[in-house]
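Have a look at the chain first, then read on.

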Amino acid sequence: MNIRKTFVMFFVVVVLATSSLSNSNVLASPVINYGDGYTYCSVRYCTKDWLDTECEAECKRRTYSTGACLGPFPKLQCCCKK
């Protein structure tokens, strides 16, 4: 009986220690496919007032050839192409 009680307590301690060490506050970030030659995405998100035209102008200011709002809706990110 003592061996069983010791094993159960050890198992509970291991499970609790493992679960408390895991980081459950990790947030997934959207994955942007850098296909089609887009090599840089700014931290700025596109909004209804700041769309492709403004994004393209921002990219051209950064010496890229063009830019577009890409990514999963509603968090479209301004990405630039060389």
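What follows is a walk through the fold, the sheet, the disulfides and the core.

Keep in mind throughout that this is a predicted model. The chain has 82 residues, and 21% of them count as buried. Its secondary structure comes to two helices and three strands, and the order from the N terminus on is α-β-α-β-β. If you take the contacts with a separation of 6 or more, 49% of them come from residues 24 or more positions apart.

**The sheet**

The three strands make an open sheet in the order S1-S3-S2, with antiparallel pairing. That leaves S1 (38–45) and S2 (66–70) as the edge strands, each pairing on one side only. On average, neighbouring strands are turned by 30° against each other, direction ignored. H2 packs on this sheet, where it touches S2 and S3, and its direction makes about 135° with that of S2.

How many bridges join S1 to S3? There are four, and the two strands run antiparallel. One of the residues involved is Tyr 38, whose bridge partner in S3 is Lys 81.

Strand S3 is largely enclosed by the rest of the structure, because four of its five residues are buried. Over in strand S1 sits Ser 42. Ser 42 has a relative accessible area of 6%, under the 20% cut-off, so this residue counts as buried. Leaving aside residues up to four places away in sequence, Ser 42 touches Gln 77 and Cys 78.

**The disulfides**

The structure holds four disulfides. If you number the bonded cysteines in sequence order, the pairing reads 1-7, 2-5, 3-6, 4-8. Three of these links are set out here.

| Pair | S to S distance | Torsion about the S-S bond | Hand |
|---|---|---|---|
| Cys 46 and Cys 69 | 2.0 Å | about -90° | left-handed |
| Cys 55 and Cys 78 | 2.1 Å | 95° | right-handed |
| Cys 59 and Cys 80 | 1.9 Å | -75° | left-handed |

Start with the disulfide of Cys 46 and Cys 69. This pair links distant parts of the chain, 23 residues apart, with Cys 46 in the loop between S1 and H2 and Cys 69 in strand S2. Cys 46 is buried at a relative accessible area of 8%, and Cys 69 counts as buried at 14%. Not counting residues up to four places away in sequence, Cys 69 touches Cys 46, Trp 50, Leu 51, Asp 52, Cys 55, Leu 76 and Gln 77.

Next comes the disulfide of Cys 55 and Cys 78. Cys 55 lies in helix H2 and Cys 78 in strand S3, so the pair ties together parts that are 23 residues apart in sequence. Relative accessibility is 0% for Cys 55, and the relative accessible area of Cys 78 is 0% too.

A disulfide also joins Cys 59 to Cys 80. Here helix H2 holds Cys 59 and strand S3 holds Cys 80, so parts that are 21 residues apart in sequence are tied together. Both cysteines are buried.

Which residues does Cys 80 touch, not counting residues up to four places away in sequence? They are Gly 37, Tyr 38, Thr 39, Tyr 40, Cys 59, Tyr 64, Thr 66 and Gly 67. Although Tyr 38 and Cys 80 are 42 residues apart along the chain, their C-alpha atoms are separated by 5.3 Å.

Cys 80 is also part of the largest nonpolar core, which has eight residues in all: Cys 46, Trp 50, Cys 55, Cys 59, Tyr 64, Cys 69, Cys 78 and Cys 80. Helix H2 (52–61) and S3 each supply at least two residues of this core.

Technical notes
Residues numbered from 1 in each chain as written. Predicted model: local features only at pLDDT ≥ 70, side-chain atom pairs only at ≥ 80, totals over all residues. Heavy atoms only, no water. Contact = heavy atoms within 4.5 Å. Core = buried A, V, L, I, M, F, W, Y, C linked by side-chain atoms within 4.5 Å. Buried < 20%, exposed > 50% of the residue type's maximum accessible area, 1.4 Å probe, protein only. Pairing = 2+ DSSP bridges. Axes fitted to C-alpha atoms, helices over the stretch in contact; angles between N-to-C directions. Disulfide = S-S within 2.5 Å.
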